[in-house]
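This briefing concerns a predicted model. The points below are grouped by topic and may be read alongside the sequence and coordinates.

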Amino acid sequence: MIFYAFYVIAITVIILHFTGWLKRHRLEWLVLALAIAVFPVILFMR
């Protein structure tokens, strides 16, 4: 269940990034935080 929640959050952040919403609200760091969070999730779920 947590795995699916992570994917929903990741897709939401990516959509907000490409629409420019994150840049307008100075939240571009969320893309970097998401990229850092992907590696432990992938390693843990393997």
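Helix α1 spans residues 2-19, a run of 18 residues. From its first C-alpha to its last it reaches 26 Å, close to the 26 Å expected at 1.5 Å a residue.

**Buried face of α1**
- Phe6, Ala10 and Val13 are the buried residues of α1.
- Viewed down the helix axis, the buried residues of α1 fall within an arc of 65°, so they line one face of the helix.
- An α-helix has 3.6 residues a turn, so residues three or four places apart point the same way.
- The packing partners of the buried residues of α1 are α2 (21-24) and α3 (29-45).

**Exposed side and surface patch**
- Tyr4, Val8, Phe18 and Thr19 are exposed on the other side of α1.
- Tyr7, Ile11 and Ile15 make a nonpolar surface patch of about 310 Å².

**Backbone positions with positive phi**
- Arg26 is found in the loop between α2 and α3.
- Although Arg26 is not a glycine, its phi is positive, at about 55°.
- Most residues other than glycine have a negative phi.
- Arg26 is exposed, and its relative accessible area is 73%.

Note on methods:
Residues are numbered from 1 along each chain as its sequence is written. This is a predicted model: local features need pLDDT of at least 70, side-chain atom pairs count only at pLDDT 80 or more; totals for chains, interfaces and linings use all residues. Side-chain values use heavy atoms; hydrogens and water are left out. Helices (H or I, at least four residues) and strands (E, at least two) are DSSP runs, numbered from the N terminus. The expected span of a helix is 1.5 Å times one less than its number of residues. Buried means under 20% relative accessible area, exposed over 50%, partly exposed in between (1.4 Å probe, protein chains only). The arc is that of the directions from the helix axis to the C-beta atoms. Contact means heavy atoms within 4.5 Å. Patches are made of residues with over 30% relative accessible area and no salt bridge: like charges are joined within 9 Å, nonpolar side chains (Val, Leu, Ile, Met, Phe, Trp, Tyr) within 5 Å. Accessible areas come from the Shrake-Rupley method with a 1.4 Å probe; for residues, only the protein chains shown count as cover. A salt bridge is a side-chain nitrogen of Lys or Arg within 4 Å of a carboxyl oxygen of Asp or Glu.
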